[in-house]
Amino acid sequence: MKIAFTTSGATLSAPMDSRFGRAAKFLIYDTSKKNFTVIDNKGVAAVQGAGIKAAETIVKAGAKVLVTGDCGPKAFHALKQAGVKIYSSKATTVADSLERYLAGELTEIATA
Amino acid sequence: MMIAVASGKGGTGKTTVAVNLAYVIGQNVRLLDCDVEEPNAHIFIKGSPKTERIITVPVPEIDKSRCDGCGKCADLCAFNAIACIGNTPLVFPEMCHGCGGCTRVCPQKAIHEIEKRIGVIEVSQAAHITLIQGQLDVGVALAPPLIRAVKEQATKDGLIILDAPPGTSCPVVATLRDADFALLVTEPTPFGLHDLKLAVDVVRQMKIPFGVVINRATIGDDRVRVYCRTESIPVLAEIPDDRRIAEAISNGSLIVEALPEYRAIFQELSRKVMNNEAVA
């Protein structure tokens with residue numbers, strides 16, 4: 001299964017970006033292969049609807065779970081449409097967030 | 001002739017200048033309140049209502065039975081009003097600016113447009129002033145299409161005064177477009193000067209002749225005047241800081257009616273604007 005993390009860097013030790021639509025990059029971690037890819041957020045400078053664009057991007061990348069700080073109602077709606085589960089993490093790095101997710105310590109964002 | 005009253009900073013006195021200018025201009029004039037997020041010219045121009053019109057923008061509706069999920073509509077939309085999640089298009093009507101591009105690029109002809117209400121335009125008449133006012137519905141974020149609709153209510157001929165929204169973003173540009181002249185209202189404070197410079201950048205880029213009005217001119221410092229001198233921008237009027245002006249405005253009165261001694265300032269401003277005098 002693939003998990004998308006919002007980050008400002010390109011490695012597991014990179015800081016989390018608490019924003020979703022305006023995050024610099026998405027780190028897509030594959031739990032079965034235990035490896036990851038990093039994709040740029042092309043919607044980062046969108047005039048509006050960056051969250052919607054970001055949802056499109058991570059769904060296209062095959063993510064079934066999103067770990068971020070928070071996301072807005074439109075992105076939430078788009079992600080729910082695609083069946084993506086959204087978790088909020090206050091951890092500082094992607095690796096910490098991943099660890100907490102795998103340990104079941106993150107809370108799912110259930111409403112926008 | 002179309003005269004726009006604009007400013008970078010909010011609360012400098014755009015509406016004050018616009019309504020008093022309209023009053024003293026002494027001929028039939030259409031005053032367009034383009035600050036559609038919170039129009040307030042009607043507080044000063046108390047006319048008898050004539051008409052109210054509902055304004056809509058066309059937004060896409062997708063026929064799911066025809067859509068094959070190619071995503072061309074989502075790729076085209078600069079405002080991200082359509083997302084293609086997997087193979088399912090998702091429309092966010094509140095994001096749509098109504099350009100119609102999605103209906104054109106859809107190879108399946110699966111998109112047609114429906115009208116979505118964004119606000120109203122009210123027209124009223126007070127003596128020689130026809131007030132045309134746009135009012136955006138609460139929760140709607142599409143000021144420019146409503147501003148364009150307000151401007152379409154005024155035919156090109158005759159005299160038109162536009163009361164612009166504050167700032168320098170899309171709603172201001174939509175208001176300023178096609179204006180023959182811009183009056184930039186500012187105050188002699190560092191904040192006023194900072195935002196005046198932004199407004200000057202906009203009107204220069206749009207190649208609109210302009211001049212400055214300094215409101216509350218007896219406060220603050222001299223930096224706005226020095227800036228105008230250095231940039232060869234004419235200061236067309238100075239309105240002093242007077243508590244009685246604030247009181248008149250609080251009561252919904254025109255300065256030129258409540259305090260006749262200030263009438264000359266607006267008459268002189270009107271003369272300068274109409275004669276296209278000394279503009280930058």
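1. A pocket here is an open set of grid points with protein on both sides within 12 Å along at least five of seven lines, and its lining residues have an atom within 4 Å of a point. The model is predicted. With that in hand, take the second largest pocket. Its lining has 14 residues. Phe79(B), His97(B), Pro144(B), Cys170(B) and Pro171(B) lie nearest its centre. Helix 4 (143-152) and helix 5 (170-176) of chain B are the elements that give two or more residues to this lining. Helix 5 of chain B gives the most, with 4 residues.

2. Volume and make-up of the second largest pocket come next. The space in it is about 240 Å³. Its lining has 9 nonpolar residues, 3 polar and 2 charged.

3. Now the largest pocket. It holds about 430 Å³ of space. The lining runs to 24 residues. Nearest the centre are Gly11(B), Thr12(B), Gly13(B), Lys14(B) and Thr16(B). By class, the lining of the largest pocket splits into 8 nonpolar, 9 polar and 7 charged residues.

4. Which helix of chain B gives the most to the lining of the largest pocket? Helix 8 does, with 5 residues. Helix 8 spans 243-250, and helix 1 of chain B spans 14-24. Each of these two helices supplies at least two lining residues.

5. Strand 7 of chain B deserves a look. The strand covers residues 129-136 and is mostly covered, with 7 of its 8 residues buried. Strand 7 pairs with strand 2 (residues 29-33) of chain B in the parallel sense, over 5 bridges. Within chain B, Asp33(B) stands opposite Gln133(B) of strand 7.

6. Strand 7 of chain B also pairs with strand 6 (residues 111-126) of chain B. Here the sense is antiparallel, over 8 bridges. Gly119(B) stands opposite Leu136(B) of strand 7. Strands 6 and 7 of chain B form a hairpin with 2 residues between the strands. In this hairpin, Ala127(B) takes a positive phi near 50°.

7. On to the nonpolar cores. The largest has 74 residues. Phe20(A), Leu79(A), Leu176(B) and Leu184(B) have the most contacts inside it. Helix 6 (residues 190-205) of chain B provides the largest share of this core, 6 residues.

8. What does Leu79(A) touch, leaving out residues up to four places away in sequence? The contacts are Phe20(A), Ala55(A), Ile58(A), Val59(A), Leu66(A), Cys71(A), Val84(A) and Ile86(A).

9. Last, Leu12(A). This residue sits in the loop between strand 1 (2-7) and strand 2 (25-30) of chain A. Is Leu12(A) buried or partly exposed? Its relative accessibility is 26%, so Leu12(A) counts as partly exposed. Leaving out residues up to four places away in sequence, Leu12(A) touches Leu27(A), Tyr29(A), Phe36(A), Thr93(A), Val94(A) and Ala95(A). Ala95(A) is 83 residues from Leu12(A) in sequence, and their C-alpha atoms are 5.0 Å apart.

Technical notes:
Residues are numbered from 1 along each chain as its sequence is written. Chains are lettered from A and ligands numbered from 1 in the order in which they are written. This is a predicted model: local features need pLDDT of at least 70, side-chain atom pairs count only at pLDDT 80 or more; totals for chains, interfaces and linings use all residues. Side-chain values use heavy atoms; hydrogens and water are left out. On a 1 Å grid over the protein atoms alone, a cavity is a set of points where a 1.4 Å probe fits but cannot get out, and a pocket is an open set with protein on both sides within 12 Å along at least five of seven lines; lining residues have an atom within 4 Å of a point. Grid points are joined across faces, edges and corners, and a volume is the space filled by probe spheres set on the points. Ala, Val, Leu, Ile, Met, Phe, Trp, Tyr, Cys and Pro count as nonpolar, Asp, Glu, Lys and Arg as charged, and the others, Gly among them, as polar. Buried means under 20% relative accessible area, exposed over 50%, partly exposed in between (1.4 Å probe, protein chains only). Contact means heavy atoms within 4.5 Å. Two strands pair if DSSP finds at least two bridges between them. A nonpolar core is a set of buried Ala, Val, Leu, Ile, Met, Phe, Trp, Tyr and Cys residues joined through side-chain atoms within 4.5 Å.
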